Amino acid sequence: MTPRKSVRLDLADLRADLDAIADWIQPGERVLDLGCGDGLLLRRLMDEKQVIGYGIEKDPAGVLACLKSGVNVIQVNLERGLAGFEDGAFDHVIMSLSLQMIQNTVGLLKELLRVGHEAVVSFPNFGYYTHRQAILKGRMPVSESLPYQWFDTPNVRFFTIADFEALCREQGIAILETIALDNGARVTEDINFLADTAIYRLGRP
């Protein structure tokens, strides 16, 4: 499989991922999208829900694409946190398919829930059964949800749904709702094994 070059393209393919996130956003909300890529999700929310949206993206190509589509974007490295935003400045802070690229995982999750009343986080599940099969064969997994080879991946964290839920418990982060997907279809049983992607709606303790 040829590695894909854009995580946001993967999100565009997973319509269920986009739909689930959009369903959690109410009309007119203030929304911050971290690692917004080309602004696809924000543009949709602005058009369909009339949200007041802002994106954060460090890749110059993504920033340019956002500007061309009329999405407000700030070029910032997320590892530096969200110090420029006040507490509770947004109704929702979204981080779709980007958490696995962050070194300061705990610090950034706390920042999401500092500046947002709720957070929406999605990520590829490293515990997915085909990923386990690849490891049993002695290879790092490459799939639709983990589309990069080990030597050129932007991902710095490889974690499972069970890992993420344990972290939320340890940090006192409230899990308000969970959607698990397998190739875009919803999974309701044994999600740590059968889901390739997970989406969480998170709240403050």
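This is a predicted model: local features need pLDDT of at least 70, side-chain atom pairs count only at pLDDT 80 or more; totals for chains, interfaces and linings use all residues.

**Notes on the fold interior and surface**

1. Setting aside neighbours within four places in sequence, phenylalanine 90 is in contact with Arg30, Val31, Leu32, Tyr54, Phe85, Val115, Gly116 and His117, where contact means heavy atoms within 4.5 Å. Phenylalanine 90 belongs to strand S4; strands (E, at least two residues) and helices (H or I, at least four) are DSSP runs, numbered from the N terminus. With 3% relative accessibility, phenylalanine 90 counts as buried (under 20% relative accessible area; exposed is over 50%, partly exposed in between, with a 1.4 Å probe and protein chains only).

2. Residues are numbered from 1 along each chain as its sequence is written, and side-chain values use heavy atoms, with hydrogens and water left out.

3. Which residues touch the most other members of the largest nonpolar core? They are Leu34, Phe164 and Leu202, out of 31 residues; such a core is a set of buried Ala, Val, Leu, Ile, Met, Phe, Trp, Tyr and Cys residues joined through side-chain atoms within 4.5 Å. Two or more residues each come from strand S1 (30–34), strand S4 (90–96), H5, strand S5 (116–124), H7 and strand S8 (197–203). H5 gives the most, with 5 residues. A second, separate core has 23 residues, including Leu18, Leu45, Val51 and Leu181.

4. Beyond neighbours within four places in sequence, glutamate 111 is in contact with Gly81, Leu82 and Ala83.

5. Turning to the rings, there are 11 aromatic pairs (Phe, Tyr and Trp rings, the six-membered one for Trp, with centres within 6.5 Å; planes under 30 degrees apart are stacked, over 60 edge-to-face, the rest tilted). Phenylalanine 126 and phenylalanine 158 make a tilted pair, 5.3 Å centre to centre with 55° between the planes. Phenylalanine 126 is in the loop between S5 and H6 and phenylalanine 158 in the loop between H6 and H7, so the pair ties together parts 32 residues apart in sequence. Phenylalanine 126 is buried at 16% relative accessibility, whereas phenylalanine 158 is partly exposed at 38%.
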